[in-house]
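Q: Could we go through this model together, beginning with the overall picture and then turning to a few local details?

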Amino acid sequence: MRKKKILAGLLAFSLSVSIFFQTGVSAAEETAPAAENTIATNDISGWPAGPEITSTAAVVMEESTQTILYSKNMDQALYPAAAVKIMTILVCLENSSLTDQVTMTETGVSGVTDGGASISAQLDEVLTMEQCLYAIMLVSANDVALQVAEHVGGSVDGFVEMMNQKAQSLGCTNTLFTNPTGLPDEAQHITAYDMALIMKAAMQNEDFRTIAAATSYTIPATNVSGGERALTNNFSLLTSTSPYYYQGCLGGKEGATSAAGSTLVCAAERNDMTLIAVILQGTDQQTDSEAVTLLDYGFNNFQKLSLGENDFNLKSGGTVVIPSTASETDIKVSDTEGENGVSRQYLYHGVQVGTAVLEDVEAEDTAAVTRGQENLQAAYDFTANKSLIPYYVIGGVGGVLFLLLLVLMVKVIRKR
């Protein structure tokens, strides 16, 4: 009987321990999502606290230095929606001319009925590449996006391969494009950081900047259409009548699908500083206000400094972006020698806030010594190849003149 009581007690104790650990695991699982939603940049010592947002992922990058001012799940792969079209336009600009004639085929016309935005392009209609790119940027025309893809890449698949190659060349590490429109595809994904790299590259293209900043554009009557098409850019941060209009906005793209949620990519410039903001998997009408909040956070809490004046052997770079409350004395440097000179990293509490390329001074000194030796050798060779007779003649004549002068001086002295 006593043994049974002991066994019963042990069994009860085991069940209690089991329940305790099960409860612990459940609590950990419940708190895991909260940990994923933390703002990574808030962990940087001395960094301004970033605002809380509801969207799953976001990043704010300063364009010239690529300094990350704000980061929330910026490396999480998510669906991009219409943000894909920024890459579509960039690849077209780099691989075609704005005057190219683009003829609509079945490929493009199929985009009229795919459930997305279009300009109702018709079979055999001819548009210029410039008109096509404005249609894609301003009204997110899927029919036109498919057609320029075929025009530039030979096929849509060929163009998509060009998009992925471009992404790779820009340093994107977790991006895969499967179409040029951004329509739902389970395989297509991007991260907020990769999208910022793509937007940075696009903003460095003058034609893209012009197209992105346009609030309206008119496509005149074509060979098929009965009249002109007036396109209006409804990007909220660029529209003066929108409650989210942002002074200094250079343009952007937003989109939404049921799978991707609401996405927004934009660039803005104030106080000689250009910021790129990316928001992924947000909610409709929320990403606009969150973009404004993030841009204000960046412009209000950071400053751009040039350290090039102190680096006399600077080849490029030398600009940093640091918190407004910080100064040059808070910045440390880390140099790495390479084939093209010395690569310098500017660090603020261990975080890269700028870069520069410097001349390799030691290499320059070595080169100067080598040049000096070569010049000396050249002078020696020049002298060795010349006859010394002219120098002897000049020396002899000089000696005779000196003796004559000496004799005259002695005669003058004796006469006195």
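**Overall picture**

A: Among contacts in the chain (heavy atoms within 4.5 Å) between residues at least 6 apart in sequence, 58% join residues at least 24 apart. This is a predicted model, in which local features need pLDDT of at least 70 and side-chain atom pairs count only at pLDDT 80 or more, while totals for chains, interfaces and linings use all residues. Residues are numbered from 1 along each chain as its sequence is written, and side-chain values use heavy atoms, with hydrogens and water left out.

Q: How many helices and strands does the chain have?

A: The chain has 11 helices and 15 strands, taken as DSSP runs numbered from the N terminus (H or I of at least four residues for helices, E of at least two for strands).

Q: And what share of the residues is buried?

A: Of the 416 residues, 42% count as buried, where buried means under 20% relative accessible area, exposed over 50% and partly exposed in between, with a 1.4 Å probe and protein chains only.

Q: Switching to helix α4 and helix α5, at what angle do their axes cross?

A: The axes of α4 (residues 129-139) and α5 (residues 142-153) cross at roughly 140° and come within 9 Å; axes here are lines fitted to C-alpha atoms over the stretch in contact, with angles from 0 to 180 degrees between N-to-C directions. That makes α4 oblique to α5, because angles under 35 degrees count as roughly parallel, over 145 as roughly antiparallel, 65 to 115 as roughly perpendicular and the rest as oblique.

Q: Which residues meet there?

A: From α4, M129, C132, A135 and I136 meet V144, A145, V148, H151 and V152 of α5. By class, this contact has eight nonpolar residues, one polar and no charged ones, with Ala, Val, Leu, Ile, Met, Phe, Trp, Tyr, Cys and Pro counted as nonpolar, Asp, Glu, Lys and Arg as charged, and the others, Gly among them, as polar.

Q: On to the backbone: what is the phi of A81, and is A81 buried or exposed?

A: A81 has a positive phi of about 55° although it is not a glycine, and with a relative accessible area of 2% A81 is buried. A81 lies in the loop between β2 (68-72) and α2 (84-95).

Q: What about D124, where does it lie?

A: D124 lies in the loop between α3 (106-109) and β4 (126-128), has a positive phi of about 70° without being a glycine, and counts as partly exposed at 47% relative accessibility.
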